[in-house]
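Reader: I'd like to go through this one label by label. Can you tell me what stands behind each term?

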Amino acid sequence: MTEETTADLKSATAGFDLIFSNQLDNAVELFKTKDSALHLLGSGACAFLLAALSLEDGLISDASDLIAQAEAGAKKQLKIAKNYKQTGRFPVATEWEIIYSDCVILLGMSYALSESYMGYLQCLYSLNNAHSRYAKLYKIVFPNGLDDYDTPTPSNGPSRNGSLLNLAAQRVLSSPPTPLSAISAISSKSTGFFSRLGLSRSTTPSGASTPTTIAPPTEDGPIEDLIISGTAFGHGLFNLVLSLLPAKVKSVVGFFGFNHDRKLALRALAVSANGNDVHSVFAGLALMTYYGVVLLMSGYQADEKYILKQYRAIVDKLGKKYPSGSLWILNRAKIFRMSGDPDSAIATLQAGLAPDRTSIFRQADALLVFELAWVFLAQRRYADAAKMFLQMTEINNWSHATYYFIAAGCHWSLGEYEDAQRLLEATPAQMDKRKIGNKDLPTEVFIKKKLAFWKAKHVRLTGSEKDWIKSISISPAEEMAIFWNTHARITQAVAEAYIAELLSIAPQVMFSTPFAPTSSSNGDIQTDASVPIRAALDTPDEFALRALLLGIMHRVAGYPAEARGFLRDARAQHEKIPTTGSTWIGGVALFELAVLELHDAQRLEYEDAATRRSNTNEMDSISSSSSSEDGISVNGSLSDKAPAGLYDVGGGAKRGVAGARGLEDLHIRVGAVRPGESTRARWVQVLKEAGTLLDTAMSLSGSEVDLSSRLESRVAMLRDEIALKREMIGQQ
């Protein structure tokens, strides 16, 4: 790389630093100072970020044009650089191969933002091109795999270390090691659809190929950092994106000949994130996004401790470098929330939105507002949540109907029925403003169904639609929150408040619960005066929804036996729901049952470990043994306090009587492990049971374009965690 190109790299890096520090306008001006491929790429990245966060058609077109110019410039530089003499430890022009590949994949992503048929075809073409290039680069830069490269949190390999290492140690150590680099083999044969068009493509490269003569790392400069971090980032991102695609899309992608490996993807991204190049920041962002989604949506993590440590290490590194960046503020708040500290999450987000900030990135601020709205809702701070969701309509162009709907639910929960009905009646007018390929958004399909359901119920009860808002029995906001898994990380006190409100709705539940309200002599339910009276339930949809929410809340509050009863009831009610109703409930109830069984088995594992320590005079507490490093203090450091709550997730754990009840219940239910069986044997059976529940859940999932489609992605994430747990206990 010439001195001029090195100077361009440093200048462009300074521009990206401005982006990550919320100084987007300054970054745009810096990138305009030169027309080099690197500066054009920076301008394209700025336009892409604006387009991706706002989804405005004009910005999408601008982004595609700028990135196309950068791609042409990088391609030209690549041809020129191939004539230079090799001076570093990597082949000549390798850095330009990476920069060109960056342009190709970013251009493809910008095409996809158009949400048009032609845009998707152009995206696939770009992905095919990028896949081939990153595969070749990976073989060159990492001929022996990634094991010798550090990550933000050092680990022994691509897999997360298990909490059952003592059980699996002999099994693992007695088996011949399988290098990460041997995950897949190089194939020089052209296969897949694009190869038939004359475009060659290689499969995922193997690090176990014959080592090249590339010298081992010594004192790397910015070019070497770019090559190492860029290659790991591109290869990791590509594999991760492919691994997260829905099953139906994967079948199409498989036709094109793409292979993927999620473990390798996460390891590669972690290696990139540990570098100092711009790619390391993007790799960190990709990992933070992935970890945040898994912690929020999968329901159970086989090794939550590892995820939080990796997540925390990346946020710490980038947060120190870019303290005013909204993206790092957002993820620090998410860590607080996932660790059972909603107050610190709220404080972090509010500080990130403070009016006296020196730099503002409006589109990124929308992410902070959105997260704050959900945290407020999870804490039952309905007035604050409504304000935040309505603020989203001022700073973001995504579904305003969804924001109106959730805000209306918050007003309904406060008993402000006029405001709630006003917002809900204004919701349909917002639905045509933003569609995917001229189709309704999944949230808006759901909203249309609910509005029709509530109005029909009110007409059936009163003969007219006047004041139909009063026939709603369960908060629209809380129902929508199920799809964002908002309730999984709430505190015990909040869960119990939810339970009290749900149990106050007539008719009275038939299941035993320690929170059951008392009844008067005439059979009326006696509830706390602070709990508002809601319309009685009278449809299978409503009974199933209440049972589902009660099952989730009892699990979080620390009552697994009661949670199991309510979730099974929700599944049973599914059979009575008409095809035009809330058919998604049955599948979600089974998913939550699988989550419950996994968490209950995890709790029993911790109890078994405590018993073993007690027998060997090691009187450690269960909390310190399971996740002492998962707690996050207000000042951002890892604390000695484990996350509060049952299974160390969300609300307070119920020890003593409740814990014993959960243990007994797991042992005596149909198909359960009998007393005296080992921890590993229990896990083998529970993992099998959870897999069966997920299979059944997916069989109940329809093909409608509504929020039931979210279940598939959640099931896929949970299956990954189940597979990891099997690996951790040494199950083949």
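**Labels and their cut-offs**

Author: Let's start with helix H20 (residues 476-483): eight of its eight residues are buried, so it is largely enclosed by the rest of the structure. Those buried residues are Pro476, Ala477, Glu478, Glu479, Met480, Ala481, Ile482 and Phe483. Buried means under 20% relative accessible area, exposed means over 50%, and partly exposed is in between (1.4 Å probe, protein chains only). Helices (H or I, at least four residues) and strands (E, at least two) are DSSP runs, numbered from the N terminus.

Reader: What are the ground rules for the model itself?

Author: It's a predicted model, where local features need pLDDT of at least 70 and side-chain atom pairs count only at pLDDT 80 or more, while totals for chains, interfaces and linings use all residues. Residues are numbered from 1 along each chain as its sequence is written, and side-chain values use heavy atoms, with hydrogens and water left out.

Reader: What makes serine 475 a cap for H20?

Author: A side-chain oxygen of serine 475 lies 3.2 Å from the backbone nitrogen of alanine 477, at the N-terminal end of H20. A polar contact is a pair of N or O atoms within 3.5 Å (within protein, one must be able to donate a hydrogen and the other to accept it, and residues adjacent in sequence count only if both atoms are side-chain atoms). Just after H20, asparagine 485 takes a positive phi of about 50 degrees.

Reader: Why is the pair of aspartate 316 and arginine 312 called a salt bridge?

Author: A salt bridge needs a side-chain nitrogen of Lys or Arg within 4 Å of a carboxyl oxygen of Asp or Glu. For aspartate 316 and arginine 312 the N to O distance is 2.7 Å, so the pair qualifies. They sit four residues apart in helix H12 (residues 304-321), and are therefore separated by about one helical turn. An α-helix has 3.6 residues a turn, so residues three or four places apart point the same way. Both aspartate 316 and arginine 312 are buried.

Reader: How do you know that arginine 332 pairs with aspartate 316 too?

Author: The closest N and O atoms of arginine 332 and aspartate 316 are 3.2 Å apart, so this is a salt bridge as well. Arginine 332 lies in helix H13 (residues 326-338) and aspartate 316 in helix H12, so the pair ties together parts that are 16 residues apart in sequence. With 21% relative accessibility, arginine 332 counts as partly exposed.

Reader: What about arginine 603, buried or exposed?

Author: Buried, because its relative accessibility is 3%. Arginine 603 also forms a salt bridge with glutamate 607, with the closest N and O atoms 2.9 Å apart. These two are four residues apart in helix H24 (residues 585-615), so about one helical turn separates them. A network of salt bridges links Arg564, Glu597, Asp600, Arg603 and Glu607. Searching the whole structure gives 26 salt bridges.

Reader: And how many disulfides turn up?

Author: Zero, in a search of the whole structure; the test asks for a pair of cysteine sulfur atoms within 2.5 Å. Cysteine 103 is buried, as its relative accessible area is 0%, and cysteine 410 counts as buried at 0% too.

Reader: What makes Ile80, Tyr84 and Val92 a patch?

Author: They form a nonpolar patch on the surface, with about 210 Å² of accessible area together. Patches are made of residues with over 30% relative accessible area and no salt bridge; like charges are joined within 9 Å, and nonpolar side chains (Val, Leu, Ile, Met, Phe, Trp, Tyr) within 5 Å. Areas come from the Shrake-Rupley method with a 1.4 Å probe; for residues, only the protein chains shown count as cover. Isoleucine 80, in helix H4 (residues 57-81), has 34% relative accessibility, so it counts as partly exposed.

Reader: Why is tyrosine 149 called buried?

Author: Its relative accessibility is 18%, and the cut-off is under 20%, so tyrosine 149 is buried. It's found in the loop between helix H6 (117-141) and helix H7 (165-173).

Reader: What is the picture for the whole chain?

Author: The protein chain has 28 helices and two strands, and buried residues make up 56% of its 732 residues.
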